Amino acid sequence: MKPELLAPAGDRSKLNTAFYYGADAVYLSGTAFGLRAYAGNFELDEMAQAVKYAHGIDKKVYVAVNIYAFNDDFGGLKEYIRELERIGADAVIVSDPGILSVVKSVSNLSIHLSTQVNTTNKYAAKFWADQGVSRIILARELSLKDIKEIRDGISADVELEAFVHGAMCISYSGRCLLSNFLTGRNGNRGECVQACRWNYEVREKSKNGDYLPVEEDGRGTYIFNGKDLNMIEHIDKLVDAGITSFKIEGRMKSEYYVATTVNAYRRAIDLYVAAPSEYKADRTLSEELNKIGHRKYTTGFYLNENNREYTESSKPEQEYDYIADVIDYCDGCAKLVMRNRFKKGDLLEVLSPRDSFNARIKADNLTDDTGCPIEDAKLVQQRLLLKTDVKLKAGDILRRRNAQNNRR
């Protein structure tokens, strides 16, 4: 079985990036009814254009309608669902049974059940399948053994989706009140401030009010901070468990994050599919995922290692910086849009879904778009020209090992 690679699309640019680097499908949200209110998101006409583009290249688009709704939230919902069906959305992602019932009553859209519904057993999975759900996005608290039992306990027509990479919520299946309690922004209605990532102190409630010792590093104590999930070395185990769709977290993340993660998992999946019985994890692809901003990695609950090591006591780290987007290449010259400062002579590395992946280019011959030499590219989004024999393509990205990792 070749699993689907499902990527986040916080806006149209990230959607394009996800598809360029090999995603089979993306999940996104409109400006209402989704759990990422502060992503770029899509107006309906933008979503229609995105769906048309995706279908033109044989890709799919799933739309999140996954808030936990109050009575007032249902105004306009029926019309919105009808519009999603009209523009050709491939499925809607829902959490709320009330919203699910509305979707069924006014459309024939496929329904994917959100991870926030917390499906942790085969009986619950069968219940939701009986309600018309075509795909279940499994709770993150499951082991591969648990997932295999669910797969064997339900109809083969019902697909299973699971997160394979990205930030992990410290709360059970993402059901959290911390953001709402501290800031008034409701995480279950798309407004989470990720308060679990903040620096906390624990104090004894006594006359002295002494602070209690908590493990920390030089940057603080992050006792509610989950590590990032990373299953790139276990593609074969995920397939064997019966997972249909491999989901990457990150609608709020950068294009560089989307490009790097999708590229790595696309290559890993294709490596597995080419020779399942001979599959071995590619260390190069594992190392790729250190080049983006991330907390220490974990395999979560999948391998029955769900202990205190699930949490992290530090801020993110990142080995490489996102330097420039390639917007064209012709006659040995790449046209770039600068994203982060770099200088003449810097050694740049190529991120690409093609054979130029990980090729290195020394920025010796760098000019602005009028041909004037550039020694120090420090103007954000400046158009630049870079001569190189490495054949690049629009959509490729140039990156550079950052200062704290240069000694490696």
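This is a short tour of a predicted model, stop by stop.

**Stop 1: Glu4**

Select Glu4. It lies in strand S1, which covers residues 4–8. Is Glu4 buried or exposed? Its relative accessible area is 12%, and the cut-off for buried is under 20%, so Glu4 counts as buried.

Now show the side chain of Tyr62. A polar contact of 2.6 Å joins it to the side chain of Glu4. Next, display the other neighbours. Leaving aside residues up to four places away in sequence, Glu4 touches Asp24, Ala25, Lys60, Tyr62, Arg135, Thr244, Ser245 and Phe246.

**Stop 2: the seven-stranded sheet**

Switch to cartoon. Look for an open sheet of seven strands with antiparallel pairing. Trace the strands in the order S15-S14-S19-S11-S12-S18-S16. The edges are S15 (360–362) and S16 (366–368), each pairing on one side only. From one strand to the next, the twist averages 35°.

Which strand pairs with S16? The partner is S18, residues 383–387, joined in the antiparallel sense over three bridges.

**Stop 3: aromatic pairs**

How many aromatic pairs does the structure hold? There are six. Two are on this tour.

Begin with Phe33 and Tyr80. Their ring centres are 5.2 Å apart and the planes make an angle of 35°, a tilted pair. Phe33 sits in the loop between strand S2 (25–29) and helix H2 (44–56), while Tyr80 belongs to helix H3 (residues 77–87). The pair therefore ties together parts that are 47 residues apart in sequence. Colour by accessibility here. Phe33 is buried, with a relative accessible area of 13%. Tyr80 is buried too, at 10%.

Move to Tyr272 and Tyr279. Why is this pair edge-to-face? The planes stand at 75°, and the edge-to-face class takes angles over 60 degrees, so the pair falls in it. The centres of the two rings are 5.6 Å apart. Both Tyr272 and Tyr279 are buried.

**Stop 4: lysines over rings**

Select Lys247 together with Tyr27. Where is the charged end of Lys247? It sits over the ring of Tyr27, 4.4 Å from the ring's centre.

Finish with Lys291 and Tyr320. Turn the view until the Tyr320 ring faces you. Lys291 lies over the face of that ring, at 4.8 Å from the ring centre.

Definitions and conventions:
Residues are numbered from 1 along each chain as its sequence is written. This is a predicted model: local features need pLDDT of at least 70, side-chain atom pairs count only at pLDDT 80 or more; totals for chains, interfaces and linings use all residues. Side-chain values use heavy atoms; hydrogens and water are left out. Helices (H or I, at least four residues) and strands (E, at least two) are DSSP runs, numbered from the N terminus. Buried means under 20% relative accessible area, exposed over 50%, partly exposed in between (1.4 Å probe, protein chains only). A polar contact is a pair of N or O atoms within 3.5 Å; within protein, one must be able to donate a hydrogen and the other to accept it, and residues adjacent in sequence count only if both atoms are side-chain atoms. Contact means heavy atoms within 4.5 Å. Two strands pair if DSSP finds at least two bridges between them. Axes are lines fitted to C-alpha atoms, for helices over the stretch in contact, and angles run from 0 to 180 degrees between N-to-C directions. Rings of Phe, Tyr and Trp (its six-membered ring) pair if their centres lie within 6.5 Å; planes under 30 degrees apart count as stacked, over 60 as edge-to-face and the rest as tilted. A charge sits over a ring if NZ of Lys or CZ of Arg is within 6 Å of the ring centre and within 35 degrees of the ring normal.
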